[in-house]
Amino acid sequence: MDTTQRQLIKKYADLLLERWRLISACLLLAITAGLIVYLFIPKSYQTISTLSYEQQQINPTRMDPEQGRNQLKEAVATLQEVVISRNNLEKVINQFSLYEEARKRLPIEDVIEAMRKDITIVPATRGDIFSVSFQGQDPDKVMKVTNALASLFIEENLKYRGERATETSKYTSEELQMAKKVMDEKEQLMRDYKVKYYNELPEQRASNMARLIALNDQSQRLQEAIQNLERTKIMAQEQVSMLRRLSAVSATSEMAQPGANASRLPLTDAERLQQLRRHYSTLQIKYTERHPEVVRTKQLIEQLESRVGKEPPAEQRTAAARIRGIAGNSDAMEIGRQQIQLSEYEANLRQLRADLAALPAEIAKYQGWIEATPVREAEWNGLTRDYNEMRRHYDELVARNLQAQSTETLERKQKGSKFKIVDSARRPDKPFKPNFLKIFLAAIGLGLGLGFGCTFLLDFTDTSFKDAAEIEEYVGVPVICAVPHLAKEEESSRKKFIFTLSIALFSLYGVGLLAAIAFLWLKGMIII
């Protein structure tokens, strides 16, 4: 620190010591003014009522949709607007005779706005607790108004939730009825379409294809059966013709030998086999091996050869002798049996042809269904395109309607979420404002600031020289020597007297001021 800075600090220190009376006077006057202001400013009292938010008692996570961390804040924000509405606040003002002076001078809207400013609602930051406070000049009225506001929260919450539950239930019921009507109409269209085009729908395509393949297989089998049966019929007809020719040959032989007619016995299998072989030789001369008559005769020969090979000749003769006594007309019986079998073949052929004739129409029907499936699929998709969304909306409405009805029932029984007063407002013992300590500290700061300001202002306006440096700086001539002020004895005595008197007066004033503050504090007029 150089000499100039030290001289500057010394200058201001001397200045403050010289003007200490002014600074002390400003400080004491400011404190006095602050005390007077505190005594004459109207006192405002404030009290707080604490409320809690109780969740509904019956399964809140499923029965009530308004659950979560933000439920309390939302409920308080909503009810706050209801509680501080004009109707409610006007009722409270008239009930407790609030703001009588203001009501004489101002319209009711301004009075209500002033009351809104005096009401403070602090939402909960943690947990389910929030507070309601009110400030006014009468501590008793402040307590009553705060409790009334807390009660309004409870009443309006029950009323609001009941009305909202009723309106929600009514709205969801109406929406559900409308959605049900639309769903019924849509489902009726879908049912009619499905009944009309059931066999042409995409889900029937697999069964239609399987049925079509089965019909084609059945047609092929019928054709094969008809062909086989026709071949069998032709073979049976040929066998009848052959039996008739054999019978005619036998009759001709008997007529040629009348004497042996009485002793002629029916032909044995061996004899018939010989005749068939002779007939087969004649047919081979006329026809090829593939001729039906040749094939049929060959099959009969093979059958007779197998029978003749199994039965000994002696036994054949014995059997023939027995047959000669009891079956003299076997050829005629065989021809009759074959004709009966031919009739059965004819009946079976007619039935098979009838079944085959009915298949094309059935096949065409299934083919038509399969060909129409893509068209029906496109039409069905267009018909049901918005059905899934409508169904989802309908299911949501059903759930919401059930939920709304349950909520309405809970609210009617007052088992839903509700507010409860945890701590009622009490009569305030000390004013909320003004704060004496704040005013006292502000007065001290104002007094010191005023004293320092006046001191520097007087020094700034004083044009006299205080030291030799100022003279040198002003005239530009160095000062050779400086003679200090030599006070006389009378002057020194007067200064001491004035200093002592000032100290006494300031001390007396300060002690009196402190005594007045203590007295007012004991009387309750000052609350620290």
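Arginine 427 is partly exposed, with a relative accessible area of 43%, in a structure that is a predicted model. The side chain of arginine 427 meets that of aspartate 140 in a salt bridge, with a distance of 2.7 Å from N to O. This pair links distant parts of the chain, since arginine 427 lies in the loop between β4 (418-423) and α15, whereas aspartate 140 belongs to helix α8, 287 residues apart. Aspartate 140 is likewise partly exposed, at a relative accessible area of 33%.

The protein as a whole contains 17 helices and 4 strands, and buried residues make up 30% of its 528 residues. Among the contacts with a separation of 6 or more, 80% are accounted for by residues 24 or more positions apart. The protein exposes about 34400 Å², of which carbon and sulfur atoms supply 57%.

Salt bridges number 13 in the model. Within helix α8, the side chains of aspartate 184 and lysine 180 form one of them, at 3.1 Å from N to O; the two residues are 4 residues apart in this helix and are therefore separated by about one helical turn. Both partners are partly exposed, aspartate 184 with a relative accessibility of 34% and lysine 180 with one of 36%. A further salt bridge joins the side chains of glutamate 187 and arginine 391, at 3.6 Å from N to O. Because glutamate 187 lies in helix α8 and arginine 391 in helix α14 (residues 387-412), this pair ties together parts that are 204 residues apart in sequence. Arginine 391 has a relative accessible area of 34% and is partly exposed.

In helix α7 (residues 108-118), the buried residues are Val111, Ile112, Met115 and Asp118. Seen down the axis of α7, these residues fall within an arc of 110°, so they line one face of the helix. They pack against the helices α5 (86-96), α6 (100-105) and α8 (139-196), and also against the strands β2 (119-122) and β3 (129-136).

Tyrosine 12, which lies in helix α1, is partly exposed, with a relative accessible area of 33%.

Conventions:
Residues are numbered from 1 along each chain as its sequence is written. This is a predicted model: local features need pLDDT of at least 70, side-chain atom pairs count only at pLDDT 80 or more; totals for chains, interfaces and linings use all residues. Side-chain values use heavy atoms; hydrogens and water are left out. Buried means under 20% relative accessible area, exposed over 50%, partly exposed in between (1.4 Å probe, protein chains only). Contact means heavy atoms within 4.5 Å. Accessible areas come from the Shrake-Rupley method with a 1.4 Å probe; for residues, only the protein chains shown count as cover. The arc is that of the directions from the helix axis to the C-beta atoms. A salt bridge is a side-chain nitrogen of Lys or Arg within 4 Å of a carboxyl oxygen of Asp or Glu.
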